[in-house]
Amino acid sequence: MPKLTHTRRQFIAGAAIAAGGAAGGFPAVSRAAEPVKIACICGLSGVNSPVAPAVVQSGQLAVAELNEKGGILGRKVELLPIDDNSDASGAVKAFNSAIYDKKVNIIIAYETSAARNAGEPIAARANMPYIYTSPYEGGACGANLFIDGWVPPQVEIPLLKYMVDEKNLKSWYAIGSDYAFGRGIIDFAVKEIKSLGGTVVGEDFNPLSSSDWEPIFTKVRGEKPEAIIYCTSNGSPNATFLKQYKSTGLDLPVGSFSIDELTALKIGESAEGVLYTADYFTSLDNPQNEAYLAAMNKMFGSKLLTPSNLSVPEYDAIHIYALAAEKVKSVEAAAIIKTLPTVSFKGPRGVIQMDKEHHAALPIYLAQIQKDGSSKVIKSFGLIDPGNQCPKFS
Amino acid sequence: MLTHALDIVTSAGILYVVALGLLIIFGVLKIINLAHSAFLAIGGYVAVVATEFHVSLWYAIPIALIIGIVIGAILEATVLRPLYARPLDTILATWGISIVVVQLITLIFGRETQFAASPITGAISIGDITYSEYRIILLGLALVLGAIMVFLFQATELGLSARAVIMNEGLAQAMGINTRFVRFFTFCAGAALATMAGALITPLVSIEPNMGLPWLINAFMLVLVAGSSVISLGWATLGLGGAQVLVSTFINPIIGGLTIIVLSVLVLRARKTL
Amino acid sequence: MSTSQKSAPAKAETASDIALCLRGLRSGYGGIDVIREANLEVRKGGIYAILGKNGMGKTTLLKTIMGLLPIRDGSAHILGADITGWPTYRIVRCGVSYVPQEQAIFQDLNVGENLRIALGGRASFKERFAGIAGLFPVLGQRLHQVAGTLSGGEQKMLLLARALLTNPKLILIDEISEGLQPAIVGHAQAALSNACRERGTTIVLVEQNVRFAFALADRYAILNLGEIIAEGETGSDEAIESVSRHLTL
Amino acid sequence: MDLAAWSPDTPRRLSVAKVLALTACGIGVILISSALLGVYDAQILSQAFFFAVVAIAVDLQWGYTGILSWGQSAFFGIGVYGVAIASAHYGGGAPIAILGATIAAALAAFVAGGAGWLSFWDGAPPFFVAIVTFAIPVVFTQVILSGGTYTGASSGLPFPTPNLAPWQWYRISGCLLVLVAIAAYVFTKSDAGRILVAIRENEDRCRYLGIRTARWKIGLMAACAVLSAVAGTLYAEYATVAATSYGDFVFGTELVIWTALGGRGTLIGPILGTIFINYISAVLGGSLPFLWLLIIGLIFVFVVIYLPSGFYPFLQQWASRRLPIPGRPFRGLLSSPQPEASGRPAGTDTRSLSPSLPAARGSMPRALAERAVVLHIREVQKSYGSLHVLRNISFDIHRGEVVGIVGPNGAGKTTLVRCISDGREYSAGDIAVSGRSTRSLSAQECVSLGVGRKFQTPSVFDALSVADCLHIARSFRKPPSLWRSGSHLALPLPALRIAELTGLFSQLHVPASHLAHGTKQALELAMVLALEPTILLLDEPTAGLTRAERTAVGSLLAVLAKEHNISVLLIEHDVDFVRTVCDRLVVLHMGEILLDGTVSDVVESEVVRSVYLGEAVGGT
């Protein structure tokens, strides 16, 4: 239990300082045989806590795989999960702890946008490479910041093209949760629908705290669109939206940018028929995914938390980091930062290609939710470019 | 037009069900029960457990009611009774209870959103429109619940005692009413109504440890505007809940979300009584 | 009711004739003792008047007996039972009715509810009300009227009816005659002496209205600054003189 | 009015040297510890220091003044966003950031003032402000979330900030905390701080001392909002990003919890509570986030029930039991500049004064007719709906006259006193004090016209010392200082007489709660007299007093009227008392004046006699 003793010593020392007493210096530790430390910062408490443990598991598998092959540059790899309470103040603490206390080599984090925005400047000042693994609204740029989750163009363009062009649904109602992600996604979707020749007859945002979608559905009834596109915040509003939608008796095709495989499974019948795109499904038929799922099963057994497109990017990111380090034969920050945009990795999602604008081209798939809540992949779009996220880097 | 009217009355019904437990505790005990949101969450999780055992929500509701009574009884005896002489501190203590309950739920069920099977998911046709069947049912339940409360308060000995305590606790004692028991019973009933409401709203909302919080402040405001009468709570939910629906529909849902809070505070300031 | 009937004879050996007994009673509000060292014995079946000017502690004395104020020192026995420290409802349930002076009715409840509250479901309202309806004909017609809309005199009648409804052994009445028309005072007087005569109810009156008190009571006491300073038979010659001395300006 | 001033050697008084020494000490600790701390500890503690500044704001409102503010986080959040929006959208640089901070502080003050105005109406229950402030963070969060790219919505708003090292932030936040804590300490010890405690202790008494309590509370809320916003602006520079979690409801409740656990009303308690809990949760919370919150919740409930004043006072008591500190000797007043009072030792037996005074009443210096009318009451009515509690009340009181109101229970005596002391109470008619109508004037405004009211049960400020209570009574004459505590107490002669005669001066530093009942009554009377009233209203001034004390009070009133020309209106039941003290009696019966005449007129009146014996009065 080395971690626990460390914590206790730190606690006692800190408490002594907090109480105004003097504390002795920390014993100097030789760094020669130090392992390569990866901070997995994620919301173990707060809104992200339902997903965060699965992210940690994904990371633990990646680290185990690396260590089995001899680690990175012959050094052992260690994963340090750190809680950021899914918010900005938690992220400030978590990033400071990772960088200054735990002295990690890289941060690979699954976080809310607020937490990312709070943590990123801290990482930037310390010149700490930082891979962000959440799907997000796009446009986050930092010299040290890399993203391997999806951004709106990657999921939105294929889904809307499919629904507007192939299914010939021209009249749309767009609904979102009122926060950055919801607004960003819906704004992009509205533009895209228009450029595809469709019309948007209504656009509404519901406060995050609200669980009543009825007034919006009443407006939808009045506008009589042919289809609905929505993006709520993850988890709970998704469910309230779909449950209440189902009970309105409106029977329109629905496209979603906020649902994921696990949530759909839990919502079940109310989500039937919803179309959505993502970069990962557990049912993906490729050897990497099969191997990944088998390894996860073996490692965690009954404690396994079902992987999803939110947790797999952590696994990919750790491998991407390892590839970059091996490529430049160094874990030195400047070298890593320079090399990361050139790495590509074939993982459970398929081929991931990091690009010059610090985002990743990803394989995208279309799925429809079945009556039992499972997601059936009905189309594969191949590798989709993230678009111009950070033109200043290219 | 019809849908707007349905939106207003059904929203008022939901708010009524959610605020009722808070109202009777405020009315009789004169305390603000911040643990109300935690009680709602307990009700929600009863529905989750029921789903896990493949029990219908209709059976989960009486179970939620019983659990609410038990929890109410324990908390009244251990936390609230020592604090009746310090009513302001009950705000703090009930908030503390709320933290404890929410964290216990989190430790048991995890932080993630849970789902409860709803007995009714469809829509019914009213005139030329379709409308959520469950919302209509919930409105009916709210009316029934209101009628039961009116009956209990108006026509039973215990209700008479409770009204007497609301009006004049000292005189009620002098009439031979065991006010301590009335307080105890009221808190249990308030907690039970809250847990039941938590279970009742599960077909419309999703369940997570903090699910009660968004309801809490609106419920407060409605109760303060309504005073301590189960009937005026009906009018308050209809008026303020209706205003919320109209603002959400015709202006936007974001301002709509603040309607009840803002209007209530202004009404109370203008009325200058609670 | 039934419990007190059973328990009263058991303790009858020690205080068979005494309905109310106070020994060195002390109580008050905050830092003040309003009642200091009050001693009193009221025989069963009698009507006892406690007289005194404003602010001498009459209301406080009744509240203390009723358990609405804590007893700081001394003891109180009712019908042989030591009720020191009992909660109010228990005292009421052993056969005591209390008629407070202020805020004595539930204004927003109707007459019937105001009456029913005193019964607390312990007996059939119809039966009991039939027993006293003859004394209060007005109330019988107005059971559904909101009590706050009754006239002052009618409200006092309601108080008396409520007090008698429970068939109490002991009634404590705080200034029932205050602000009443002479006719109604006479009515109240009749109702109370009837209760005493027919049912053997013990009545303790706190009064400023000496004429009313003396017409009803057989004994009186004068309370001054929280102490009983005089006591006696109302029929005696010195009674009027003593009362005049203590009660007028 | 003659004033006499003292400089009591107040142990509470703060010297400049002490304040400077404390400040130097605090800053020294911060500077030295900054060199010893690891980077991570410095980071956590910096954040805790900023939060502790907001906890001080919560404590000033809640612990000292009794305003439970659940929403202090919103003002912190406003500060954070003020700087963030200014720097992110209008160019970086210190001037823009300072401008943003200033606007944010003004906005915070405005919002807090508005919340105060919404919360503090007459008769508002004390929990109402808690509900209103509960709503502020909810509104704040909603506004930020719907602000799109302008506020950064849920993503937070990053903006350019100066790049300072962790220990630099540690020093900045630490020094800020020390300075704010010292300033708050000086403030709470000042005249103004004393008024806050008085408001918490007894708001009604404050109103009838002419203190505009609602204004004080609104002002305090605005000031604390500014303080929180300023902490927020600096914190924003430290955090480099604005996020809703800095202003949300959860943070608001956490601040209250930290304050409650540390010990409200102690300043140091909430500071230590905040630092301690933040530090521990950074260390423990990481590995056991949910369990940690559960423990905090349980401790909070426990503290609310069993240690309502919090941990710090508890530890202090525990420590003082272990290490007994010798009690401070009394350093009361020994002399007074008044010639007739000088030489009389403090704590004079009040009884020794009484005998000579009633005799003095016989020789009136001037005829009644010559004297000015001080209180003029004409056809005053008070009704609740159709119920008339007072009808057609008219009488005058002249300068230096003592008038008693008598009458059986329910006659309307206390209602009449209330109508005279608060112009909004009467429904019709007119009351004039020294020729100026009080119609629809508040109690505070009536005080400034010269009405002094003493309540029936002694109404003083239990937590404050006798000297402080008297100071507060004087504060309406002189605006209280925000930083100085008045070192001398200037009292008008009548107040001085009372204080001296009743031995209050020997107990100047005794908390009012420790006074005997009679001395408390005297203190309240002295407080009311400190207002320099022209008309003194007393509701049963002898209730609960012993016979000897009654006599003493009677002679005091006689002195006030005869020597200081103060008019007195008193409600009284004790005939002997009335007989010796009053020039005139007004008999009230069922809301009307039955008789207005001399004491002997009234005592001999058959009508009055029959009213008192409860006989029907002539068919009226």
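Predicted model: local features only at pLDDT ≥ 70, side-chain atom pairs only at ≥ 80, totals over all residues.
Three residues of domain 1 of chain A stand out here: A:E137, A:W150 and A:E357 lose the most area to domain 2 of chain A, and together they make up 35% of what the domain 1 side buries.

How are the two domains laid out along chain A? Each is built from two stretches in the domain assignment: domain 1 takes 8–150 + 283–360, while domain 2 takes 152–278 + 365–393. The C-alpha centres of these two domains of chain A are 30 Å apart.

## Who touches whom inside chain A

What kinds of contact hold charged or polar atoms across it? Between domain 1 and domain 2 of chain A there are 5 residue pairs in polar contact, both partners at pLDDT 80 or more, and 0 salt bridges by the rule used.

## A sulfur link in chain A

How many disulfides are there over all chains? The count comes to 1. The disulfide joins A:C141 and A:C390, with sulfur atoms 1.9 Å apart. The torsion about the S-S bond of A:C141 and A:C390 is about -95°, so this disulfide is left-handed.

Now find the two cysteines along the chain. A:C141 sits in the loop between strand 4 (130–132) and strand 5 (145–147) of chain A, and A:C390 sits in the segment after strand 14 (375–384) of chain A, so the pair ties together parts that are 249 residues apart in sequence.

## Chains in contact

Now step back to look at the whole assembly. Which chains share the most contacts? Of the 5 pairs of chains in contact, that place goes to chains B and D. Chain A and chain C, on the other hand, are joined by no contact, and their closest C-alpha atoms lie 38 Å apart.

## Where chain B meets chain A

Chain B does meet chain A: the contact takes 30 residues from chain B and 34 residues from chain A. Together, chain B and chain A bury about 2500 Å² between them, with 56% of it on carbon and sulfur atoms. The interface of chain B and chain A also has 9 residue pairs in polar contact, both at pLDDT 80 or more.

Which parts of chain B make up its side? Several elements give two or more residues, including strand 2 (129–132), helix 5 (133–155) and helix 9 (213–226) of chain B. Helix 1 of chain B gives the largest share, 4 residues. By class, the side of chain B that touches chain A has 12 nonpolar, 12 polar and 6 charged residues.

Side chains of opposite charge can pair when their charged atoms come close. How many salt bridges does the rule find over all chains? The count is 42. One pair crosses between chains, running from A:E214 in helix 7 (residues 214–223) of chain A to B:R135 in helix 5 of chain B.

Across the interface of chain B and chain A, the rule finds 2 salt bridges. The side chains of A:E214 and B:R135 meet in a salt bridge, with an N to O distance of 3.7 Å.

Technical notes
Residues numbered from 1 in each chain as written. Chains lettered and ligands numbered in written order. Heavy atoms only, no water. Domains from an automatic or database assignment. Buried area = accessible area lost by both parts, 1.4 Å probe. Salt bridge = Lys/Arg side-chain N within 4 Å of Asp/Glu carboxyl O. Polar contact = N/O pair within 3.5 Å; in protein donor to acceptor, adjacent residues only side chain to side chain. Contact = heavy atoms within 4.5 Å. Nonpolar A, V, L, I, M, F, W, Y, C, P; charged D, E, K, R; others polar. Disulfide = S-S within 2.5 Å.
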